[in-house]
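Trainee: I would like to go through this model step by step. Please show me the sequence and the structure, and I will ask as we go.

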Amino acid sequence: MRTWFLCKVKYAKENEEGLLKSISEQYLVDAVSFTEAEAILYDRLGSQIRGDFQVTGISKSNIVDVFYYEDADIWHKCKITYLIADADSGKEKKVTQFMIVTAEDVKQAYDRIQESLSNMLVSFRVPDITESPIVEVFPFEKDEVAEQLPPGNFRPVNEIEQE
């Protein structure tokens with residue numbers, strides 16, 4: 001299961017009049033730890049932001065899934081609720097999850113979350129959709145990890161244990 005971290009970054013940006021204005025933006029990062037989330041931010045934003053920037057906050061996010069569509073750049077946070085049967089007591093339990101999706105407006109976000117979750121086995125409701133302050137999402141990319149590994153004879157642990 002992915003762990004998403006909500007990260008706040010502060011930097012100085014030049015406005016139309018040529019004056020520097022302090023900007024604070026939020027990013028969502030898929031990482032294993034707080035340290036890795038910060039490292040990913042410095043790696044990705046170092047080439048995007050001109051000048052110095054500072055990571056002012058990192059916290060674990062309650063977001064469980066991300067749905068990206070290329071034709072939109074506004075992130076919407078969607079609250080999803082559904083009922084499941086508790087295995088021990090047999091009673092129904094209400095589950096609430098949060099997901100984000102790119103869309104131009106709330107209606108499009110609703111349609112896209114319905115489409116993205118159409119294969120769910122239980123019926124669900126979408127009681128809340130709000131525009132998110134998240135500027136960009138940095139998902140885990142397997143290729144980046146492979147590039148960082150030094151050359152060597154790497155094998156899965158279970159293959160070594162079988163020998």
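Trainee: How many bridges join strand S4 to strand S6?

Mentor: This is a predicted model, in which local features need pLDDT of at least 70 and side-chain atom pairs count only at pLDDT 80 or more, while totals for chains, interfaces and linings use all residues. Residues are numbered from 1 along each chain as its sequence is written, and side-chain values use heavy atoms, with hydrogens and water left out. Strands (E, at least two residues) and helices (H or I, at least four) are DSSP runs numbered from the N terminus, and two strands pair if DSSP finds at least two bridges between them. S4 (residues 63-67) and S6 (residues 92-102) run parallel, and the number of bridges joining them is 4.

Trainee: Which residue in S6 is the bridge partner of Val-66?

Mentor: Strands of a sheet pair through backbone hydrogen bonds, either parallel or antiparallel. S4 and S6 are a parallel case. In S6, the partner of Val-66 is Ile-100.

Trainee: Which strands cover the buried residues of helix H2?

Mentor: Buried means under 20% relative accessible area, exposed over 50% and partly exposed in between (1.4 Å probe, protein chains only). In H2 (residues 106-116), Ala-109, Arg-112, Ile-113 and Ser-116 are buried; they cover an arc of only 100° around the axis, taken from the directions from the helix axis to the C-beta atoms, which puts them on the same side of H2. Lys-107 and Glu-115, on the other side, are exposed. With contact meaning heavy atoms within 4.5 Å, the cover includes S4, S5, S6 and S7 (124-131).

Trainee: Which rings do the charged ends of Lys-77 and Arg-112 lie over?

Mentor: A charge sits over a ring if NZ of Lys or CZ of Arg is within 6 Å of the ring centre and within 35 degrees of the ring normal. Lys-77 is 4.9 Å from the centre of its ring, that of Phe-98. Arg-112 is at 4.3 Å from the centre of its ring, that of Tyr-69.

Trainee: There is another sheet, with the order S3-S1-S2-S8. Which helix packs on it?

Mentor: This open sheet has 4 strands and mixed pairing, with S3 (53-60) and S8 as its edge strands. Within it, S1 (residues 4-14) and S2 (residues 20-30) pair in the antiparallel sense over 11 bridges, and the partner of Cys-7 in S2 is Tyr-27. The helix touching S1, S2, S3 and S8 is H1 (residues 34-45).

Trainee: Is Glu-136 buried, partly exposed or exposed?

Mentor: Glu-136 lies in S8 (residues 134-138). Not counting residues up to four places away in sequence, Glu-136 touches Gln-26, Tyr-27, Leu-28, Gln-48 and Trp-75. Its relative accessibility is 26%, so Glu-136 counts as partly exposed.

Trainee: How are the rings of Tyr-27 and Phe-138 arranged?

Mentor: Rings of Phe, Tyr and Trp (its six-membered ring) pair if their centres lie within 6.5 Å; planes under 30 degrees apart count as stacked, over 60 as edge-to-face and the rest as tilted. By this rule there are 4 aromatic pairs. Tyr-27 and Phe-138 are both buried. Their ring centres are 5.8 Å apart and their planes are at 10°, so the pair is stacked.

Trainee: How many helices and strands does the protein chain have?

Mentor: Along the sequence the pattern is β-β-α-β-β-β-β-α-β-β-α-α. Buried residues make up 31% of the 163 residues. The secondary structure comes to 4 helices and 8 strands.

Terms used
Axes are lines fitted to C-alpha atoms, for helices over the stretch in contact, and angles run from 0 to 180 degrees between N-to-C directions.
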